Amino acid sequence: MIRPTLSASSLKPGDKLPAMDQPMTTADLVAYGGATWDWNRLHFDLEYARSLNLPNVVVDGQAFGAVMAKHALAWLGPRAFMTRLSFKMRAMAFAGDTLRAEGEVADVRHAADHAVVVLAQRLKVGDRVCAEATAEVRLPD
Amino acid sequence: MSLLNDELRSWIGREVHFPAREELGRASIRYFALALGDDNPLYVDEDYARAAGYPSVIAPPTLICETCQYAHRAPDRHGYIGHAWELPITGCRLIRAGNDYEFMRPVLPTDRISVTWTLEDIVERKSSRGGTQLFVTSVARYRDAAGALVAVNRETIVYQPLSPSP
């Protein structure tokens, strides 16, 4: 039994995605670095990060995109297909931070045999916005 | 002070290609999902993925846009093994401005993905602190074994002078 996929006709601009918390411990950063072959010391070596005047090791920028894709697709369901994810960095996040993913439906476009839902998403640590994204996801109509 | 010069402009249009070394593989997909705490069954459960209409498990969309997996070299002094242009710019720090990914189809563990990076543009802009900074935009095009485009990653990196001049 698979989870249902949200239908485009049930969505309207302003609908909110349920918020999702993504803890980013040093161990999480190491796991992500390993999974993406990224051995940049910035993501695990505290002494190295401090030598660059940073308070802690840094969350990989592309991980922000991965978290927003996870957030969107967990909500929309298994038949949703992300066609675009455009994100801008606003601030760094560090080991020990918990990223809160938030978002809402910005637009719903209907085509002949499918629909595209446009999401506005952001990642925050407390009140600090770390990244903002626009995602486009194709849904069966 | 201008950062952009003719030597740098000559880099615009350069390309570098990393051929596929092997199939993406189920282990890579599961590792990525596990690292993100992503329990979406599409990435690990074959029967679930088939029931949802896919030929097998699929990869989380951004996985193939991660740069380092295509490289095959020893880490540099920062530990980095991925693609870098090594532009002749000194005294700057590099900051990721953003990425714009487009995805053409779900990627399968049997896919052999190769990537071609193109240095699309270098633009100089005033920074809010009064100095100038360079915006370097590169495009990575990911193709399958048949040569069909599966994803595009347009990435902008800012080169910011360590001590900005007015």
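User: How many bridges join β2(A) to β5(A), and do they run parallel or antiparallel?
Analyst: In this predicted model, β2(A) and β5(A), the latter covering residues 128-140 of chain A, are joined by 8 bridges and run antiparallel. Within that pairing, M82(A) has V137(A) of β5(A) as its bridge partner.

User: What stands opposite V117(A) in β5(A)?
Analyst: V117(A) also faces V137(A), and the strands concerned, β4(A) (residues 114-125) and β5(A), pair in the antiparallel sense over 12 bridges. V137(A) is therefore a bridge partner of M82(A) and stands opposite V117(A) as well, and the pairing of strands in a sheet comes about through backbone hydrogen bonds.

User: How many residues lie between the strands in the hairpin of β4(A) and β5(A)?
Analyst: That hairpin has 2 residues between its strands, and G126(A) takes a positive phi near 60° there.

User: What is the strand order of the open sheet?
Analyst: The open sheet has 10 strands with antiparallel pairing, in the order β1(A)-β3(A)-β4(A)-β5(A)-β2(A)-β2(B)-β5(B)-β4(B)-β3(B)-β1(B). Because β1 (20-24) of chain A and β1 (15-18) of chain B each have a single partner strand, they stand at the edges, and one side of each is left without a neighbour in the sheet. Direction ignored, neighbouring strands are turned by 20° against each other on average.

User: Which strand does β1(A) pair with, and over how many bridges?
Analyst: β1(A) pairs in the antiparallel sense with β3(A), residues 97-110 of chain A, over 5 bridges, and in that pair M24(A) stands opposite D97(A). On this sheet packs α3(A), which touches β1, β2, β3, β4 and β5 of chain A together with β2 of chain B, and whose direction makes about 140° with that of β2(A).

User: Switching to where the chains meet, how many bridges join β2(A) to β2(B)?
Analyst: There are 5 bridges between β2(A) and β2(B), the strand of residues 92-103 in chain B, and the two run antiparallel. In this pairing, L85(A) stands opposite Y101(B).

User: And how many residues does each chain give to the contact?
Analyst: Chain A contributes 32 residues and chain B contributes 33 residues. On the side of chain A that touches chain B, the elements that give two or more residues are α1 (26-35), α3 (61-76) and β2 (81-89). The residues on that side divide into 18 nonpolar, 8 polar and 6 charged.

User: At what angle do the axes of α1(A) and α2(B) cross?
Analyst: The axes of α1(A) and α2(B), which is residues 26-35 of chain B, cross at roughly 160° and come within 8 Å. That angle makes α1(A) roughly antiparallel to α2(B), and α1(A) passes α2(B) in a left-handed crossing.

User: Which residues make that contact?
Analyst: From α1(A) the contact is made by A31(A), Y32(A), G34(A) and A35(A), and from α2(B) by Y31(B), F32(B) and A35(B). These residues divide into 6 nonpolar, 1 polar and no charged.

User: Stepping back, how many helices and strands does chain A come to, and how many does chain B have?
Analyst: Chain A comes to 3 helices and 5 strands, and chain B has 3 helices and 5 strands. From the N terminus on, the elements of chain A run β-α-α-α-β-β-β-β, whereas those of chain B run α-β-α-α-β-β-β-β.

User: What share of each chain is buried?
Analyst: In chain A, buried residues make up 42% of the 141 residues, whereas in chain B 29% of the 166 residues count as buried. As for extent along the principal axes, the C-alpha trace of chain A spans about 55 × 30 × 20 Å, and the C-alpha atoms of chain B fill a box of roughly 60 × 30 × 30 Å.

User: Which residues is T137(B) in contact with, leaving aside neighbours within four places in sequence?
Analyst: With those neighbours left aside, T137(B) is in contact with E120(B), D121(B), R154(B) and T156(B). R50(B) is 87 residues from T137(B) along the chain, and their C-alpha atoms are separated by 38 Å.

Conventions
Residues are numbered from 1 along each chain as its sequence is written. Chains are lettered from A and ligands numbered from 1 in the order in which they are written. This is a predicted model: local features need pLDDT of at least 70, side-chain atom pairs count only at pLDDT 80 or more; totals for chains, interfaces and linings use all residues. Two residues are in contact if their C-beta atoms, placed from the backbone, lie within 7 Å. Helices (H or I, at least four residues) and strands (E, at least two) are DSSP runs, numbered from the N terminus. Ala, Val, Leu, Ile, Met, Phe, Trp, Tyr, Cys and Pro count as nonpolar, Asp, Glu, Lys and Arg as charged, and the others, Gly among them, as polar. Two strands pair if DSSP finds at least two bridges between them. Axes are lines fitted to C-alpha atoms, for helices over the stretch in contact, and angles run from 0 to 180 degrees between N-to-C directions. Angles under 35 degrees count as roughly parallel, over 145 as roughly antiparallel, 65 to 115 as roughly perpendicular and the rest as oblique. A crossing is left-handed if the near helix is turned anticlockwise from the far one by less than a right angle, and right-handed if clockwise. A residue is buried if 20 or more other C-beta atoms lie within 10 Å of its own, exposed if 12 or fewer, and partly exposed in between; C-beta atoms are placed from the backbone.
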